[in-house]
Amino acid sequence: MPKVALRSIDKFEDMLKDNMKLVKGSKSESQFAKQIGSTHSTLNNRMHNPLTIRLDELFAICEKNHVSIASFVSKKLELG
């Protein structure tokens, strides 16, 4: 079986998914959606496909959760 390597965009998408889950924490989906100014269904779409997130939503996520935008999009966040 041939080796399959993830493309760099796939790695980036996985990192964004992990960061969104970490920032969401124990908030309900509707609470998190309100926090970023979107609907529950839009949030579900963003959680499953984070490459479609708009800049204003990204800004709201980072601002409300006290996370730097540069950190959010450049590295996997950690608790602590």
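**Around helix H2**

Trainee: Hi! What covers the buried residues of H2?
Mentor: The cover includes helix H1 (8-24), helix H3 (40-48) and H4. Helices here are DSSP runs of H or I with at least four residues, strands are E runs of at least two, and both are numbered from the N terminus. Buried means under 20% relative accessible area, exposed is over 50%, and partly exposed lies in between, using a 1.4 Å probe and protein chains only.

Trainee: Thanks! Where does this model come from, and how are things counted?
Mentor: It is a predicted model, where local features need pLDDT of at least 70 and side-chain atom pairs count only at pLDDT 80 or more, while totals for chains, interfaces and linings use all residues. Residues are numbered from 1 along each chain as its sequence is written, and side-chain values use heavy atoms, with hydrogens and water left out.

Trainee: Which residues of H2 are buried?
Mentor: Phe 32, Ala 33, Gln 35 and Ile 36. They sit on the same side of H2, because their arc around the axis is only 160°. That arc is taken from the directions from the helix axis to the C-beta atoms.

Trainee: And how do H2 and H4 pack?
Mentor: Helix H2 (residues 29-36) and helix H4 (residues 55-64) meet at an angle of about 110°, their axes 8 Å apart. So H2 is roughly perpendicular to H4. Angles under 35 degrees count as roughly parallel, over 145 as roughly antiparallel, 65 to 115 as roughly perpendicular, and the rest as oblique. Axes are lines fitted to C-alpha atoms, for helices over the stretch in contact, with angles from 0 to 180 degrees between N-to-C directions.

Trainee: Which residues make that contact?
Mentor: Phe 32, Gln 35 and Ile 36 from H2, with Glu 57, Ala 60, Ile 61 and Lys 64 from H4. Contact means heavy atoms within 4.5 Å.

Trainee: What comes just after H2?
Mentor: Gly 37, which takes a positive phi of about 75°.

Trainee: Switching over, how do H1 and H3 pack?
Mentor: Their angle is about 135°, with axes 8 Å apart. That makes H1 oblique to H3. On the H1 side, the contact is made by Glu 13, Lys 17, Met 20, Lys 21 and Lys 24, and on the H3 side by Arg 46, Met 47 and His 48.

Trainee: Zooming out, how many helices and strands does the protein have?
Mentor: Five helices and zero strands. The C-alpha trace spans about 45 × 30 × 25 Å along its principal axes, and buried residues make up 31% of the 80 residues.
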